Amino acid sequence: MFEQYKIAYEGDALEPIIDAETIALHYGKHHATYTKNFNDAAEKAGVADMDVEKLLASLDTVKDEALRKALRNNGGGYYNHNLYFSTLSPNPKKAPEGELAAKINAKFGSLDALKEELSKLAIGQFGSGWSWLSVNPAGELMVSASPNQDNPIIEGTGYVPILAIDVWEHAYYLKYKNLRPDYVKALFDIICWEAVEKNYARIVK
Ligand code: MN3
């Protein structure tokens, strides 16, 4: 049984950057539905006890095409939103420290330069999708974008995402309408780098 991440903040706590109605729909409906459909598909495929990252990395082993597609779309939706909602906070740590900060500076030059890269990928993603900061077990960072509910694990990159920017219209359209760049820019004000540091530390031993 895969459990939806429990948000640690009230529905209106991310106002004015993310409005309460968007949280109610995005977390309460979209994410909840991905979770339910993922569990249903995983049950049918006999993979409900697997580690979610191992499962998403080995979808090719699911022979039934409809089930594989359901696991990819809903498993991705489940996992990606767990990451997204767990890195947002009304009281975010505004910048990383320690090893992650050093890696960001070494690879991108500065935190601002990383944000710029992530924003470009998020804004440039055609249609629905995501942009990511990911890391591999060797501690190398990567930025990328994915369509639909794919992610770097499903894509077989060997990297695991540690920060997610959701640019599906359901993430921003109620408040920002067609202005995806405004949403992406504002989102950085509620991204908690303490959560990203924890994600990094889980992958890089
Ligand atoms: Mn979404």
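Domain bounds here come from an automatic or database domain assignment. For this protein, that assignment gives domain 1 (20-86) and domain 2 (98-203), and their C-alpha centres sit 19 Å apart. Keep in mind that this is a predicted model: local features need pLDDT of at least 70, side-chain atom pairs count only at pLDDT 80 or more, and totals for chains, interfaces and linings use all residues. Residues are numbered from 1 along each chain as its sequence is written, and side-chain values use heavy atoms, with hydrogens and water left out.

**Where the two domains touch**

- Taking contact as heavy atoms within 4.5 Å, 20 residues of domain 1 meet 22 residues of domain 2.
- The two domains bury about 1,700 Å² between them, 57% of it on carbon and sulfur atoms; buried area is the accessible area (1.4 Å probe) that two parts lose on being put together, summed over both.
- On the domain 1 side, Asn80, Leu83 and Tyr84 lose the most area to domain 2, together 33% of what that side buries.

- The rule finds 2 salt bridges between domain 1 and domain 2, each being a side-chain nitrogen of Lys or Arg within 4 Å of a carboxyl oxygen of Asp or Glu.
- Arginine 202 and glutamate 53 join their side chains in a salt bridge, at 2.7 Å from N to O.

- The largest share, 10 residues, comes from α3.

**The manganese site**

- His26 (NE2), His81 (NE2), Asp166 (OD) and His170 (NE2) are the protein donors of the manganese ion, 1.9 to 2.2 Å from it.
- Donors are N, O and S atoms within 2.8 Å of the metal (3.2 Å for Na, K and Ca), and water is not among the atoms, so sites may look incomplete.
- Histidine 81 belongs to helix α3 and aspartate 166 to strand β3 (residues 160-166), so this pair ties together parts that are 85 residues apart in sequence.

- Most residues other than glycine have a negative phi, and most peptide bonds are trans.
- A cis peptide bond links glutamate 15 and proline 16, with omega about 0 degrees; proline 16 is in the segment before α1.
- Asparagine 148 has a positive phi, near 55 degrees, and its place is the loop between β2 (141-147) and β3.

Conventions. Helices (H or I, at least four residues) and strands (E, at least two) are DSSP runs, numbered from the N terminus.
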